[in-house]
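Work through these exercises with the sequence and the structure side by side. Try each task before reading its solution.

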Amino acid sequence: MPRLGMTVPELQERALFVRRDIVALLARSQSGHSGGPLSTTDFGTVLFFHEMSVNPRRLDDPARDMWHFSIGHVTPVIYSLMGERGYFPLADLLGFRQFHGHLQGHPSKHDTPGIEVSSGSLGQGLSVACGMALGSRMDGLKRRVYCVTGDGEQQEGQIWEAAMFAAHYKLDNLCAVIDYNRKQIDGDVQDVMGIAPLADKWRSFNWNVIDVDGHEISAILDAFERARATRGKPSVVLAHTVMGKGVSYMEDDYKWHGIPPSREQADQALREMGTNLEEWTARLESHTQPEIAPAGVSS
Amino acid sequence: MSGTVPAAPQAPAVAPTLAKPEMKRTREGFGHGLLDLGQKRPDVVVLVGDLSASTNVSFFAEKFPDRFIQVGVAEQNMMCVAAGLAATGKIPFLATYGAFASCRSADQMRVTVAYSDLPVKIGGAHGGISVGPDGATHQAMEEIAIVRSIPNMRMIVPCDYWETRKATVAAADDPHPNYIRFGRELVPVVTGPDTPFAIGKANVMREGSDLAIIACGVMVYEALVAAQELASRGIHARVLNVHTLKPLDHEAIARAARECGAIVTAEEHQIHGGLGGAVAEAVVQSHPVPMELVAVHDRFGRSGKQDELMTAFGIKAPDVVRAAERALARKRAR
């Protein structure tokens with residue numbers, strides 16, 4: 001099960017698709033989070049289309065890498081990545097948060113095959129990833145484990161329990177990514193409850209810390225390579241991002257943390273991204289098979 | 001209820017010597033159960049939050065150091081690390097005091113473990129007021145209420161050493177998350193190595209049809225003592241050991257209600273949401289009968305010796321006898 005290993009332009013195009021998916025599914029659900037999913041999109045795309053070995057056709061493949069989003073509220077990007085990667089048909093995205101859909105508001109293991117462990121209560125996911133990394137090492141697997149956390153989430157005490165644990169057990173098969181968009185639901189992170197100096201905190205917990213522009217694909221590729229090459233300690237990628245990245249009226253505005261765009265706003269956003277709501281919704285509806293949708297549609 | 005379970009014994013499983021019972025610690029049953037598992041199941045791993053000796057997981061740690069994970073004083077982390085291990089195919093048992101396992105990491109148990117329905121096995125030590133001198137903070141008396149309210153969770157409160165050992169081994173075969181509550185002090189042995197045990201299947205410990213005493217944990221012994229006292233007055237009480245609070249053996253409880261016409265529940269737990277509540281929920285939906293509840297009445301514990309605390313908090317055999325008298329009076333008045 002080789003990694004896909006997409007090129008930088010291919011990854012940029014796929015990230016654009018993911019952003020369009022996020023906006024289109026939120027326009028349909030009229031419920032859910034916008035800001036974090038859009039800031040997470042670029043490094044998420046690198047993970048799913050280059051860095052990680054995943055096997056949507058055999059979810060329990062022992063050779064798979066494992067991934068876990070501790071920030072469960074970014075389901076719009078999680079599901080868009082999964083749909084684009086072929087875990088389920090892209091058409092399913094339009095059932096996000098709907099009673100009859102299989103895409104819950106927060107990730108649910110038993111509703112959405114491919115989700116390894118449910119999440120949604122902040123602070124817990126890095127511990128889960130620690131267990132995955134340790135269990136994989138006990139079994140002698142080459143597997144890597146990736147955990148996406150948020151910057152506001154750094155305020156949870158359990159994050160630091162997990163940080164201690166991972167360093168103590170030298171889990172170098174574990175890579176955490178922090179979506180460092182500097183916003184949380186009540187405002188700027190530094191105003192709500194300051195977390196700086198964040199890199200120093202992680203260094204002092206004996207982690208390998210990698211700062212990166214979280215929207216620069218080639219830099220993100222390099223950051224994951226450096227994490228992969230690190231021995232004897234876990235790595236954390238501080239992905240410096242912009243909340244709402246890619247949608248002009250959302251960028252860097254904390255008010256977009258937890259709300260969806262209206263249909264009109266979504267259409268505007270999609271026009272900024274070279275398509276429109278009707279066209280992109282039709283693209284989602286037309287993909288009724290779980291597969292990696294071909295590129296070049298409205299791109 | 002568990003699918004592949006043997007029938008509950010209809011005769012008393014063991015005739016215990018009530019006056020001078022053999023005394024053994026339930027936590028030792030947990031420790032020995034883990035040793036049994038360590039030998040036969042390579043997928044079993046054990047986590048502990050800096051309480052190896054007092055939860056008796058030290059037995060496993062000595063024998064299987066490669067499958068033993070010290071987490072330090074971090075119960076929330078431990079619960080979720082266990083979930084991650086389960087996601088890789090391990091059967092993780094974690095151990096800490098019940099006060100922390102059930103309350104401090106309740107959100108982790110709910111969201112990460114139970115919502116995912118992962119086979120994490122939670123060993124809640126120092127359950128009940130019988131913990132003694134440590135006092136209220138360490139006397140867990142809310143676990144049944146908390147755990148049984150969470151979907152997918154299984155809640156087991158074994159009555160003695162042998163039952164704790166068997167429950168521990170049985171939990172490993174159950175595909176769902178389990179919570180096993182056990183205690184610190186020596187408690188009477190009322191079952192034997194060959195007494196049948198199946199998760200979700202209550203055991204009749206003594207036959208009778210004048211009333212049913214439904215108990216769990218150390219209160220099974222107190223119930224047997226009470227039944228003996230009642231027998232000397234010509235009252236024949238059935239003693240039902242409901243070691244599994246969830247899934248509850250509705251069939252055995254309904255039969256007890258139907259055949260006995262009055263019920264006393266006995267538990268070393270808060271009166272709200274525990275065994276009494278669970279049995280009442282079952283009985284009102286099947287065959288309502290007069291019920292009396294022996295439990296801790298909405299109070300925090302305090303330091304003291306096991307026996308004096310159980311007496312002071314109203315959960316000894318004489319309390320069960322008095323509750324039986326009240327239940328019988330109500331039964332006769334119907």
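**Exercise 1. Find how many residues of chain B are in contact with chain A, and say what they are made of.**

Solution. Keep in mind that this is a predicted model.
- Step 1: count both sides. In chain B, 22 residues are in contact with 23 residues of chain A.
- Step 2: look for the elements. Helices α4 (75–87) and α6 (106–114) of chain B each supply at least two residues of the side that touches chain A.
- Step 3: find the largest share. It comes from α4(B), with nine residues.
- Step 4: sort by type. This side of chain B has twelve nonpolar, seven polar and three charged residues.

**Exercise 2. Name the buried residues of α6(B) and say what they pack against.**

Solution. 
- Step 1: list them. They are B:Gln108, B:Met109, B:Val111, B:Thr112, B:Val113 and B:Ala114.
- Step 2: find their partners. Within chain B, the buried residues of α6(B) pack against α4 and β5 (121–125). From chain A, α4 (125–138) joins in.

**Exercise 3. Is B:Gly123 buried or exposed? Find its contacts too.**

Solution. 
- Step 1: B:Gly123 sits in strand β5 of chain B.
- Step 2: count neighbours. There are 31 other C-beta atoms within 10 Å. The cut-off for buried is 20 or more, so B:Gly123 is buried.
- Step 3: look past the neighbours within four places in sequence. B:Gly123 is then in contact with B:Phe30, B:Thr55, B:Phe93, B:Leu94, B:Ala95 and B:Ile180.
- Step 4: check a distance. B:Arg181 is 58 residues away along the chain, yet the two C-alpha atoms are separated by 6.3 Å.

**Exercise 4. Describe how domain 1 and domain 2 of chain B touch.**

Solution. 
- Step 1: The domain assignment gives domain 1 (23–188) and domain 2 (203–332).
- Step 2: take the centres. Over C-alpha atoms, they are separated by 25 Å.
- Step 3: count the contact. Domain 1 of chain B gives 27 residues and domain 2 of chain B gives 30 residues.
- Step 4: find the elements on the domain 1 side. α7 (143–148), β6 (154–156), α8 (161–173) and β8 (186–188) of chain B each supply at least two residues.
- Step 5: sort that side by type. It divides into 15 nonpolar, six polar and six charged residues.

**Exercise 5. Which residues have the most contacts inside the largest nonpolar core?**

Solution. 
- Step 1: size the core. It has 213 residues.
- Step 2: pick those with the most contacts. They are B:Ile213, B:Ile263 and B:Ala324.
- Step 3: Helix α1 (residues 8–29) of chain A gives the most, with eleven residues. Each of domain 1 (23–188) and domain 2 (203–332) of chain B gives at least three.
- Step 4: zoom in on B:Ile213. Beyond four places in sequence, its contacts include B:Ala223, B:Val239, B:Val264 and B:Ala324.

**Exercise 6. Where is B:Arg330, and what does B:Arg330 touch?**

Solution. 
- Step 1: B:Arg330 has 15 C-beta neighbours inside 10 Å, so it counts as partly exposed.
- Step 2: list contacts. Not counting residues up to four places away in sequence, B:Arg330 touches B:Ala262 and B:Pro290.

**Exercise 7. Where in chain B does pLDDT stay under 50?**

Solution. 
- Step 1: take the average. Chain B averages a pLDDT of 95, and 95% of the residues score at least 70.
- Step 2: find the stretch. pLDDT stays under 50 over residues 1–15 of chain B.

Definitions and conventions
Residues are numbered from 1 along each chain as its sequence is written. Chains are lettered from A and ligands numbered from 1 in the order in which they are written. This is a predicted model: local features need pLDDT of at least 70, side-chain atom pairs count only at pLDDT 80 or more; totals for chains, interfaces and linings use all residues. Two residues are in contact if their C-beta atoms, placed from the backbone, lie within 7 Å. Helices (H or I, at least four residues) and strands (E, at least two) are DSSP runs, numbered from the N terminus. Ala, Val, Leu, Ile, Met, Phe, Trp, Tyr, Cys and Pro count as nonpolar, Asp, Glu, Lys and Arg as charged, and the others, Gly among them, as polar. Domain bounds come from an automatic or database domain assignment. A residue is buried if 20 or more other C-beta atoms lie within 10 Å of its own, exposed if 12 or fewer, and partly exposed in between; C-beta atoms are placed from the backbone. A nonpolar core is a set of buried Ala, Val, Leu, Ile, Met, Phe, Trp, Tyr and Cys residues joined through C-beta atoms within 7 Å. pLDDT is the predictor's confidence in each residue, from 0 to 100.
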